[in-house]
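Please look over the sequence and the three-dimensional model shown here before reading on. The paragraphs after it are meant to be read with both in view.

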Amino acid sequence: MVESTFKMMKEKYHYWKLFNSLTYQEDVVGKAEHKLKESRDYFINFQEELFEKMGREHPKQDTYLLRAAMDGIFTQYIHRKDEYPLDEMKDHLITKMLNP
């Protein structure tokens, strides 16, 4: 899950940069809110189920923590692409969040 998301971020950098900028525009988000919520809810449920299967004590909180960490990493990557250590951050995130 994390590996494929980071891979997609690197491969589709310009798409995600545009997507990120659009999410801060209320009129754009308002028009797509239903679809965005659908997608967001699906991934939150999916991630929470994975954390449950991993036997995590607080799967819901782990889900939101992982999503917040990834959002922050991706925002930094979007703003500092040439100098941001994306691969290293991916490895660090996996080590800290996903290893028992």
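Residues are numbered from 1 along each chain as its sequence is written, and side-chain values use heavy atoms, with hydrogens and water left out.

The protein chain has 5 helices and 0 strands, where helices (H or I, at least four residues) and strands (E, at least two) are DSSP runs numbered from the N terminus. Read along the sequence, the pattern is α-α-α-α-α, and the C-alpha atoms fill a box of roughly 40 × 35 × 20 Å, taken along the principal axes. The average pLDDT of the chain (the predictor's confidence in each residue, from 0 to 100) is 89, and 98% of the residues score at least 70. Among the elements of the chain, helix 4 has the highest mean pLDDT, 94, while helix 3 (residues 26–53) has the lowest, 83. Where pLDDT is low, the predicted coordinates should not be read in detail. Of the contacts with a separation of 6 or more, 60% are between residues 24 or more positions apart, a contact being heavy atoms within 4.5 Å.

How do helix 4 and helix 5 pack, and at what angle? Helix 4 (residues 59–79) and helix 5 (residues 86–98) pack at an angle of about 170°, with their axes 11 Å apart; axes are lines fitted to C-alpha atoms, for helices over the stretch in contact, and angles run from 0 to 180 degrees between N-to-C directions. That angle makes helix 4 roughly antiparallel to helix 5, since angles under 35 degrees count as roughly parallel, over 145 as roughly antiparallel, 65 to 115 as roughly perpendicular and the rest as oblique. On the side of helix 4 the contact is made by Asp62, Leu65, Leu66, Ala69, Met70, Ile73, Phe74 and Tyr77, which meet Leu86, Met89, Leu93, Met97 and Leu98 in helix 5. By class, this contact of helix 4 with helix 5 has 12 nonpolar, no polar and 1 charged residues (Ala, Val, Leu, Ile, Met, Phe, Trp, Tyr, Cys and Pro count as nonpolar, Asp, Glu, Lys and Arg as charged, and the others, Gly among them, as polar).

Asp62, in helix 4, counts as buried because its relative accessibility is 13%; buried means under 20% relative accessible area, exposed over 50% and partly exposed in between, with a 1.4 Å probe and protein chains only. Leaving aside neighbours within four places in sequence, Asp62 is in contact with Phe51, Arg56 and Met97. In the protein chain, buried residues make up 26% of the 100 residues.

In soluble globular proteins, nonpolar side chains tend to be buried together. Leu66 touches Met1, Val2, Phe51, Leu93, Met97 and Leu98, not counting residues up to four places away in sequence.

Helix 4 also packs with helix 2 (residues 13–22), at an angle of about 110° and with the axes 10 Å apart, and the two helices are therefore roughly perpendicular to each other. Tyr13, Trp16, Lys17 and Asn20 in helix 2 meet Thr75, Tyr77 and Ile78 in helix 4, and the residues of this contact divide into 4 nonpolar, 2 polar and 1 charged. Tyr13 counts as buried at 8% relative accessibility, and, apart from neighbours within four places in sequence, Tyr13 is in contact with Tyr77, Ile78 and Lys81. The C-alpha atoms of Tyr13 and Phe74 are separated by 9.7 Å, although these residues are 61 residues apart along the chain. Asn20 is likewise buried, with a relative accessible area of 15%, and touches Thr75 and Ile78, not counting residues up to four places away in sequence.

Finally, Leu50 lies in helix 3 and counts as partly exposed at 29% relative accessibility. Leu50 and Lys17 are 33 residues apart in sequence and 28 Å apart in space, C-alpha to C-alpha.

Note on methods: This is a predicted model: local features need pLDDT of at least 70, side-chain atom pairs count only at pLDDT 80 or more; totals for chains, interfaces and linings use all residues.
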